[in-house]
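Please open the model in your viewer and keep the sequence panel beside it. The tour goes from one selection to the next, and at each stop it says what is there.

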Amino acid sequence: MHRHEIPSGSPVIHRHRPRPRVRRTAAAVTALLTLAVTALTMGLATSVQAAALSPAPRASASASTADFGCAHPVQAGQARCFGVLKAHRTASGRMSPFTTGSPTTVGYVPSDLRSAYNLGSASGSGRTVAIVDAMDDPNAESNLATYRSAYGLPSCTTANGCFRKVNQSGQASPLPSGDYGWAEEISLDLDMVSASCPDCHILLVEANSANAPDLMTAEDTAATTPGVVSVSNSWGGSEDNTITSADSHFNHSGIAITASSGDSGYGVSWPASSPYVTAVGGTSLSKASNSRGWTETAWSGAGSGCSAYETKPSWQHDSGCAKRTVTDVSAVADPNTGVAVYDTYNDCGGGSLCDTELQLGVAQGADGWVEVGGTSAASPIIASVYALAGNTSQVVNGSYPYSHTSALNDVTSGSNGFCGSGYLCTAGPGYDGPTGLGTPNGTGAF
């Protein structure tokens, strides 16, 4: 990230600012609905073809995907988020989220994730998981309440002290301006903490922008807030020669800090490459008839590789990379075996017409239940497992799993691209780039 290219306080261009609503005539509404039928028919047809090739659990309209609106920086020095929506192709060829009204027909739910990772009755005992994101999600608390209620999870609100939303300085106001793409990311992060650690408290820290200086301020706020034991970062950017000077913002004693490895396949992003974080890769997760009840393979979109700048931590001993290797551990990230998320921040106001506009790609955001993946899902899951373990006072950066590999599910197949050293991009027994040491099998590796 070129932090020096964007001075603190300089203007930031955002691709997804709220736009004025347009009054539509009855004829226009009819035309939209006609197009919607065509688009949905195309999506369902795609679904049938995809299912025949690669059945996915709780599949939505199709096996197509679309990045969150915060996925692509608009200028140097900005981070992108690593969330991916399961989507359908509209009549115009655009990809739009497929929204459903039911929390039981889209994506893996909390009981699935706790089963897949053997989290059982593990308790977070009120420990706080912090989430660092950019921009504001005005509906964060209400969406969180809907998600938790749908799956019988305990209430987590500002009023009962379980949930807090603050700006990058740790204050309740003023908050950043809203952003539809980052709101999708925030919903995903909050829902994954809720699913993995239902009795954890949650602190949402919203940076003023996706610029590195603002995100670093938010990171320090999150890590130094009393009660926080882990911090999740579902965002990142390309490595450059400035990243090592920013690493100190992830170096907080007694705090486990996780970072998503990216969604573009083989290749390294920062801060996942920082030696002070647990770099989290991604898997495709499927139900199975084996003793575990689940199988996992490396997700083709997960980031991995050998850092060009970060020194190798003392606990990494792989031979194909002289510097920091990404990743350390992993969790579900494939949007085609994705997780259920509830998000309602959009520019069309909700209701059936809004759903039609979203599915046509003429509105932004989401309006209900969506199926989501990306290593953005994996990072908050791992941060929550750290909280469940209650062991962060003994955790030194990302080292702990390396001496506790027996408490991980080794992922031995799948690839995220091509590389000179096979294990950096291809899963196999033991350590590999796309999945690291494996996925949680209980909390013993954390």
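Begin by selecting Gly368, which counts as buried because its relative accessibility is 4%; here buried means under 20% relative accessible area, exposed means over 50%, and partly exposed lies in between, with a 1.4 Å probe and protein chains only. Gly368 belongs to strand S18, which covers residues 368–373, and in this tour helices (H or I, at least four residues) and strands (E, at least two) are DSSP runs numbered from the N terminus.

Before you go further, please note that this is a predicted model, in which local features need pLDDT of at least 70 and side-chain atom pairs count only at pLDDT 80 or more, while totals for chains, interfaces and linings use all residues. Residues are numbered from 1 along each chain as its sequence is written, and side-chain values use heavy atoms, with hydrogens and water left out.

**Around Gly368**

Next select Asp367, which is in the loop between helix H6 (351–360) and S18 and which counts as buried because its relative accessibility is 16%. What lies 3.4 Å from a polar atom of the side chain of Asp367? It is the backbone nitrogen of Gly351, and the cut-off for a polar contact is a pair of N or O atoms within 3.5 Å, where, within protein, one must be able to donate a hydrogen and the other to accept it, and residues adjacent in sequence count only if both atoms are side-chain atoms.

**The whole protein and its core**

Zoom out to the whole protein, whose secondary structure comes to eight helices and 20 strands, and in which buried residues make up 61% of the 446 residues. Contact means heavy atoms within 4.5 Å, and of the contacts with a separation of 6 or more, 77% are between residues 24 or more positions apart.

In soluble globular proteins, nonpolar side chains tend to be buried together. A nonpolar core is here a set of buried Ala, Val, Leu, Ile, Met, Phe, Trp, Tyr and Cys residues joined through side-chain atoms within 4.5 Å. Select Leu190, Val231 and Val339, which touch the most other members among the 99 residues of the largest nonpolar core. Helix H7 (residues 375–389) gives this core its largest share, nine residues. Staying with Val339, and leaving aside residues up to four places away in sequence, you can look for the residues that it touches, among them Gly107, Tyr108, Leu188, Val370 and Ala377.

**Backbone stops**

Another cis peptide bond joins Val326 and Thr327, with omega about 25 degrees, and Thr327 has its place in the loop between strand S15 (323–326) and strand S16 (329–332).

Then go to Met135, a residue other than glycine whose phi is positive, near 70 degrees. Met135 is in the loop between strand S5 (128–134) and helix H3 (140–150), and it is buried because its relative accessible area is 1%.

**Disulfides**

A disulfide is a covalent bond between the sulfur atoms of two cysteines. The structure holds six disulfides, counted as pairs of cysteine sulfur atoms within 2.5 Å.

Select Cys156 and Cys162, which form a disulfide with their sulfur atoms 1.9 Å apart. Both Cys156 and Cys162 are buried, and the torsion about their S-S bond is about -85 degrees, so the disulfide is left-handed.

Next select Cys306 and Cys321, joined by a disulfide with an S to S distance of 2.0 Å; with 80 degrees about the S-S bond, this link is right-handed. Cys306 lies in strand S14 (residues 305–311) and Cys321 in the loop between S14 and S15, so the pair ties together parts that are 15 residues apart in sequence. Is each of these two cysteines buried or partly exposed? Cys306 is partly exposed because its relative accessible area is 30%, whereas Cys321, with 3%, is buried.

Finish at Cys419 and Cys425, which form a disulfide with their sulfur atoms 2.2 Å apart.
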